[in-house]
Amino acid sequence: MGYLILGSGGLGTALAHELARRGEEWLLAGRQLPRGLDPACYFPLQEVDSLGFDALFTLYEQARLPNVVINTIGLLHDLNHLPERRVEEVDPAWLCESLQVNAWPHLALGACLSRLMAPDARLWLCSVSDLAGSIGDAASQGVPGRYSYRMSKAALSMGSCLLAREWAQRFPGAGVITVHPGPMDTPLQQPFHHELDTASLQAPAQVASRLLNLIETLTPAHSGQFLDLAGRPLPW
Ligand SMILES: NC(=O)c1ccc[n+]([C@@H]2O[C@H](COP(=O)([O-])OP(=O)(O)OC[C@H]3O[C@@H](n4cnc5c(N)ncnc54)[C@H](OP(=O)(O)O)[C@@H]3O)[C@@H](O)[C@H]2O)c1
């Protein structure tokens with residue numbers, strides 16, 4: 001199988017290492033080439049804008065499309081922004097940036113793939129999401145704040161549902177899922193270790209392996225679902 005991994009952070013890097021270990025064909029597109037990976041399997045995707053995605057997909061104009069595309073790009077904080085604890089802290093510019101990083105790449109990938117796929121293409125598009133963006137999850141309902149992150153993951157959910165419905169008509173062999181990986185020990189989570197039971201933090205390598213195993217088991221009936229790593233449907 002051929003894999004395209006988006007994002008060279010904790011999970012994206014672990015996925016590339018696991019695919020290399022499995023002897024699969026893969027390409028990693030992200031802001032930096034992680035140490036220990038083959039530079040020939042790396043594409044510099046500096047910005048999550050149309051130019052960046054269009055440039056990446058020129059690679060596939062003459063070559064076979066990947067069978068699996070996994071989007072691990074995500075944003076919870078940066079040097080100037082921590083997750084909001086109260087509504088007064090919501091900054092519209094940060095909310096827009098969160099939407100651009102957490103929700104839009106899934107649709108950008110959907111559009112680039114739609115332009116190149118044949119009607120009978122067989123492919124999975126998987127975006128890594130977060131149960132924290134679920135409105136229906138009872139456990140996260142009482143947890144306050146993190147407006148921009150959670151709203152942008154909720155937007156990713158709607159985008160994923162809509163794309164799955166559209167592809168069911170246009171590309172019935174192509175499926176779309178979002179996956180909640182659970183807490184991982186990556187740069188995204190690092191500033192918040194004190195808020196977590198560190199025993200619950202998973203190594204990204206472990207998540208990468210489980211995610212790839214999950215994708216191997218998918219059937220067309222899974223398209224449009226939000227799943228955990230065991231393949232159980234989660235509430236939107
Ligand atoms: N870690 C967790 O506990 C956890 C829990 C639930 C869900 N998730 C989700 O899992 C996914 C993977 O996250 P992770 O834990 O691997 O975090 P991570 O190490 O921070 O990786 C996030 C990736 O997104 C990229 N990114 C962020 N902002 C960007 C921007 N403006 N333009 C381009 N790329 C950008 C990062 O690039 P740089 O490395 O260059 O910044 C990095 O490649 C995310 O969608 C996250 O929401 C994580």
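Leaving aside neighbours within four places in sequence, which residues is Thr 178 in contact with?

## A buried strand residue

Contact here means heavy atoms within 4.5 Å. Apart from its neighbours within four places in sequence, Thr 178 is in contact with Ser 127, Ser 129, Leu 156, Ser 160, Gln 225, Phe 226, Leu 227 and Trp 236. The model is predicted: local features need pLDDT of at least 70 and side-chain atom pairs count only at pLDDT 80 or more, while totals for chains, interfaces and linings use all residues. Residues are numbered from 1 along each chain as its sequence is written, and side-chain values use heavy atoms, with hydrogens and water left out.

Thr 178 lies in strand β6. Helices (H or I, at least four residues) and strands (E, at least two) are DSSP runs, numbered from the N terminus. With a relative accessible area of 0%, Thr 178 is buried; the terms are buried for under 20% relative accessible area, exposed for over 50%, and partly exposed in between (1.4 Å probe, protein chains only). Between the C-alpha atoms of Thr 178 and Leu 234 the distance is 9.7 Å, although these residues are 56 residues apart in sequence.

## Phe 226 and its surroundings

Phe 226 is found in strand β7 (residues 225-228) and counts as buried, at 2% relative accessibility. Not counting residues up to four places away in sequence, Phe 226 touches Ser 129, Asp 130, Leu 131, Thr 178, Val 179, His 180, Arg 232, Pro 233, Leu 234, Pro 235 and Trp 236. Asp 130 is 96 residues away from Phe 226 along the chain, and their C-alpha atoms are separated by 9.5 Å.

## The two faces of helix α3

Which residues of helix α3 are buried? In this helix (residues 92-102), they are Trp 94, Leu 95, Ser 98, Val 101 and Asn 102. Seen down the axis of α3, these residues fall within an arc of 130°, so they line one face of the helix. The arc is that of the directions from the helix axis to the C-beta atoms. An α-helix has 3.6 residues a turn, so residues three or four places apart point the same way.

The buried residues of α3 pack against α4 (104-116) and α6 (147-170). The face turned away from the buried side carries the exposed residues Pro 92, Ala 93 and Cys 96.

## Salt bridges

How many salt bridges does a search of the whole structure find? The search finds nine, a salt bridge being a side-chain nitrogen of Lys or Arg within 4 Å of a carboxyl oxygen of Asp or Glu. One of them joins the side chains of Arg 22 and Glu 216 (3.6 Å, N to O). This pair links distant parts of the chain, with Arg 22 in helix α1 (residues 10-22) and Glu 216 in helix α7 (residues 204-216), 194 residues apart. Both are partly exposed: Arg 22 has a relative accessible area of 26%, and Glu 216 has 47% relative accessibility.

Another salt bridge is formed by Arg 115 and Asp 54, whose closest N and O atoms are 3.4 Å apart. Arg 115 lies in helix α4 and Asp 54 in helix α2 (residues 50-58), so the pair ties together parts that are 61 residues apart in sequence. Arg 115 is exposed, with a relative accessible area of 59%, whereas Asp 54 is partly exposed, with 37%.

## A loop residue and a salt-bridge network

Arg 146 is placed in the loop between α5 (138-141) and α6. Its phi is near 55°, a positive value in a residue other than glycine. The side chain of Arg 146 meets that of Glu 195 in a salt bridge (3.5 Å, N to O). Glu 195 lies in the loop between β6 (174-180) and α7, so the pair ties together parts that are 49 residues apart in sequence. Glu 195 is exposed, with a relative accessible area of 51%.

Elsewhere, salt bridges that share partners join Glu 18, Arg 21, Arg 22 and Glu 216 into one network.
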